[in-house]
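I opened this model to look up its sheet, its helices and its nonpolar cores. My notes are below.

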Amino acid sequence: MTDQEAAALARLKLDPKRAGEQSCTWTAPVTGPTGQVEVYVGDGAKKMLDIERQLGHELETVSGVGDEAYLDTQANEIFVQKTGTWVAIRLVLLNDPKENHKPLKDLIRVVAGRL
């Protein structure tokens, strides 16, 4: 995911990403408003999905994306698996999660296309 895609998802100005081995995080400036975008790739992304299932979160199947994809309708998280690689995107915003469903689905399609 690019810096521009992360900022578009959050609909905020974000600081440059902090990259880890299997993750990237973009945060809004400390001056506000609150916002963060996180991307995880690999086993950690799959584990996040497993935890959401264990918690009983409602997962909506997102058709036509990767080999399988799920939107957590209670949180701002979306997951995709394509050719054995899992990706999770988590959005932290202080708004109604329903407002973020379409932007998350749109972005996961782009990300899945790059796998």
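**Ground rules.** I am working on a predicted model, where local features need pLDDT of at least 70, side-chain atom pairs count only at pLDDT 80 or more, and totals for chains, interfaces and linings use all residues. Residues are numbered from 1 along each chain as its sequence is written, and side-chain values use heavy atoms, with hydrogens and water left out.

**Sheet.** I took helices (H or I, at least four residues) and strands (E, at least two) as DSSP runs, numbered from the N terminus. I called two strands paired if DSSP finds at least two bridges between them. I found an open sheet of seven strands, ordered β1-β2-β3-β7-β6-β5-β4, with antiparallel pairing. Its edges are β1 (18-19) and β4 (59-61), each pairing on one side only.

**Around β7.** I looked up both partners of this strand. β6 (residues 77-82) pairs with β7 (residues 85-93) over six antiparallel bridges. Phenylalanine 79 stands opposite alanine 88 in β7. The β6-β7 hairpin has two residues between the strands, and threonine 83 takes a positive phi near 45° there. β3 and β7 pair antiparallel over seven bridges. Valine 37 has leucine 91 in β7 as its bridge partner.

**Helices.** I counted a contact as heavy atoms within 4.5 Å. Axes are lines fitted to C-alpha atoms, for helices over the stretch in contact, with angles from 0 to 180 degrees between N-to-C directions. Which strands does helix α3 touch? Helix α3 (residues 101-114) packs on the sheet against β4, β5 (68-72), β6 and β7, at about 25° to the direction of β6.

**Cores.** I used sets of buried (under 20% relative accessible area, 1.4 Å probe, protein chains only) Ala, Val, Leu, Ile, Met, Phe, Trp, Tyr and Cys residues joined through side-chain atoms within 4.5 Å. The largest nonpolar core has 25 residues, and Leu14, Val37 and Ile89 have the most contacts inside it. Two or more residues come from each of α1, β2, β3, β5, β6, β7 and α3. α3 gives the most, with five. Apart from this core lies another, of seven residues, including Ala45, Met48, Leu49 and Ala88.

Definitions and conventions: Buried means under 20% relative accessible area, exposed over 50%, partly exposed in between (1.4 Å probe, protein chains only).
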